Amino acid sequence: MERTLWVIGTLAFFVIGVSLMYRGWQRRAARQAERIGELPTVPAELGAQVLEPTTGLYLGSTIAPSWQDRIAVGDLGFRATAELTRFERGILLQRDGAAVIWIPEESITAVRTERGHAGKVMTQDGVLVIRWKLPTGTEIDTGFRGDDKTVYPAWARTMTGDEQG
């Protein structure tokens, strides 16, 4: 009988913990909703492709400059396998099982590599991070861990080239 009570107590503690975490995530999303607003829509014309698509893992988006302040609005906080492509008019991030993210060229403020993002820590320069400004004016960082990290310098160069040209 005593063992049964321990098992029931442990299960109850686990269920309560999970429900509190879920409520916390929902409240975080409600607090962030106004700052995030609506994401830009993918335009009909993307312009010429600047970089070949690269596959990898979308790590999530965070409110800049904090690499751990994950955005809980919509599906921006959930990891997903993805494909990242650079066009003249912006960056297209196609995620499996989630909405497409379009980052307009004029919204991009930096493309850099980092050691970690959204609670995911990698080796040095293991994550490609795109800092951009939402239509609401909030600056966010979008993290991507590419399957082929040798493409990262090309991504950073296109940003440098855009700033100079």
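Glutamine 68 lies in the loop between strand 1 and strand 2; strands (E, at least two residues) and helices (H or I, at least four) are DSSP runs numbered from the N terminus. The model is predicted, so local features need pLDDT of at least 70 and side-chain atom pairs count only at pLDDT 80 or more, while totals for chains, interfaces and linings use all residues. Residues are numbered from 1 along each chain as its sequence is written, and side-chain values use heavy atoms, with hydrogens and water left out.

**Glutamine 68**
- Glutamine 68 is partly exposed, at a relative accessible area of 49%; buried means under 20%, exposed over 50% and partly exposed in between (1.4 Å probe, protein chains only).
- Neighbours within four places in sequence aside, glutamine 68 is in contact with Thr62 and Gly119, where contact means heavy atoms within 4.5 Å.
- From glutamine 68 to glutamate 106 the separation is 38 residues in sequence and 25 Å in space, C-alpha to C-alpha.

**Overall make-up**
- The protein has two helices and nine strands, and its elements run α-β-β-β-β-β-β-β-β-β-α from the N terminus on.
- Along the principal axes, the C-alpha atoms fill a box of roughly 75 × 35 × 25 Å.
- Of the 165 residues in the protein, 40% are buried.
- Among contacts with a separation of 6 or more, 60% are between residues 24 or more positions apart.

- An open sheet is formed by seven strands in the order 4-3-2-1-9-8-5, with antiparallel pairing; two strands pair if DSSP finds at least two bridges between them.
- Strand 4 (101-104) and strand 5 (108-114) are at the edges, and each has a single partner strand, so one side of each is left without a neighbour in the sheet.
- From one strand to the next the twist averages 30 degrees, based on axes that are lines fitted to C-alpha atoms (for helices over the stretch in contact), with angles from 0 to 180 degrees between N-to-C directions.
- Strand 5 pairs with strand 8 (residues 127-133) in the antiparallel sense over six bridges, and threonine 113 stands opposite leucine 128 in strand 8.
- Strand 3 and strand 4 are also antiparallel, paired over four bridges, with isoleucine 91 opposite isoleucine 103 in strand 4.
- The hairpin of strand 3 and strand 4 has five residues between the strands, and in this hairpin glycine 97 takes a positive phi near 75 degrees.
- In a regular strand the side chains alternate between the two faces of the sheet.
- In strand 4, Ile101 and Ile103 point one way and Trp102 and Pro104 the other way, and all are buried.

**Nonpolar cores**
- The largest nonpolar core holds 24 residues, of which Leu84 and Ile130 touch the most other members; such a core is a set of buried Ala, Val, Leu, Ile, Met, Phe, Trp, Tyr and Cys residues joined through side-chain atoms within 4.5 Å.
- At least two residues of this core come from each of strand 1 (49-63), strand 2 (80-87), strand 3 (90-95), strand 4, strand 5, strand 8, strand 9 (139-146) and helix 2 (152-164).
- Apart from neighbours within four places in sequence, isoleucine 130 has contacts that include Leu84, Ile91, Ile103, Ile108 and Ile140.
- A second, separate core has five residues, among them Leu59, Met122, Val127 and Val129.

**Rings**
- The charged end of arginine 95 sits over the ring of tyrosine 58, 4.8 Å from its centre; this requires NZ of Lys or CZ of Arg within 6 Å of the ring centre and within 35 degrees of the ring normal.
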